[in-house]
Amino acid sequence: MPADAQAQVVAAGRQGRWTRAELLYHPEDPAETLYLLTRGAVRLYRLGSGAREVTLDVHGPGALLGVMALIPGERCGVYAEAMDDTEALMLGQDALGRLTQAQPAVGVALTEQITRQTRGVQERLSGLVFLEVSQRLALALLTLAEREGPWPEGGTQALRDRVSHQDLAHVVGSTRETITKLLGDFRSRGLLDLGYRRIILTDRAGLLRATREPLR
């Protein structure tokens, strides 16, 4: 968006902050607010049979949440849980209406971002169907590494954000026990090293191979 449009978006919104495991909204909440994530990560989930949590998607900075707010009278439909300390710019429906009328670039940017996120959901669903858990885990680790910046030539890449085994299970669509076992397998193959709530990726080429071929 142009700088003046960005400034209007920031001026029209209010900042929200949540701690780890805190809910931004519930399924039955009226969808009256659009959230633009500026820090942290948020997990969207529903409750399945036996109150089992089914993760639909995980979003990081730059993502839009609560997009049902663009349709009057809708409800949120899902749980949105902060996976770590999280911040977002919150825009109410009235503010959104004024912004999109005054700045058409805002509407275009919203459409582009929602399209990207929809494609991301489709890719996630494809991965759940066609990729083994080990492949999905390798992809998730490489995606997290991209947030840290360029990978040092011939070096390692530490994931600075706190990432638990349960967090990775949510991202990958698996269980904590399976992820713990696979991380041990990855470490034994020299792909990464593990510390207290810390993951250090040591072999980018090996992780890329692991995205293409399941561990045997």
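A surface patch here is made of residues with over 30% relative accessible area and no salt bridge, where like charges are joined within 9 Å and nonpolar side chains (Val, Leu, Ile, Met, Phe, Trp, Tyr) within 5 Å. Leu125, Leu128, Val129 and Phe130 form a nonpolar patch of this kind, with about 440 Å² of accessible area together; such areas come from the Shrake-Rupley method with a 1.4 Å probe, and for residues only the protein chains shown count as cover. This is a predicted model, in which local features need pLDDT of at least 70, side-chain atom pairs count only at pLDDT 80 or more, and totals for chains, interfaces and linings use all residues. Residues are numbered from 1 along each chain as its sequence is written, and side-chain values use heavy atoms, leaving out hydrogens and water.

**The patch and its helix**
- Leu125 lies in helix 3, residues 104-130 (helices are DSSP runs of H or I with at least four residues, strands are runs of E with at least two, and both are numbered from the N terminus).
- Leu125 is exposed, at 51% relative accessible area (buried means under 20%, exposed over 50%, partly exposed in between, with a 1.4 Å probe and protein chains only).

**Strand 8 and its partners**
- Six of the seven residues in strand 8 (residues 86-92) are buried.
- Strand 1 runs antiparallel to strand 8, joined by five bridges (two strands pair if DSSP finds at least two bridges between them).
- Gln15 has Leu89 of strand 8 as its bridge partner.
- Strand 3 (residues 33-39) is also antiparallel to strand 8, with six bridges, and Leu37 pairs there with Ala88.
- Arg14, in strand 1 (residues 14-18), is partly exposed at 49% relative accessibility.

**Salt bridges**
- The structure holds eight salt bridges (a side-chain nitrogen of Lys or Arg within 4 Å of a carboxyl oxygen of Asp or Glu).
- Glu87 and Arg39 form one of them, their closest N and O atoms being 3.4 Å apart.
- That pair links distant parts of the chain, with Glu87 in strand 8 and Arg39 in strand 3, 48 residues apart.
- Glu28 and Arg75 form another, with closest N and O atoms 3.9 Å apart.
- Lys181 and Asp185 form a salt bridge at 3.2 Å between closest N and O atoms; both lie in helix 6 (residues 176-188), four residues apart, about one turn of the helix.
- Elsewhere, salt bridges that share partners join Arg17, Arg39 and Glu87 into one network.
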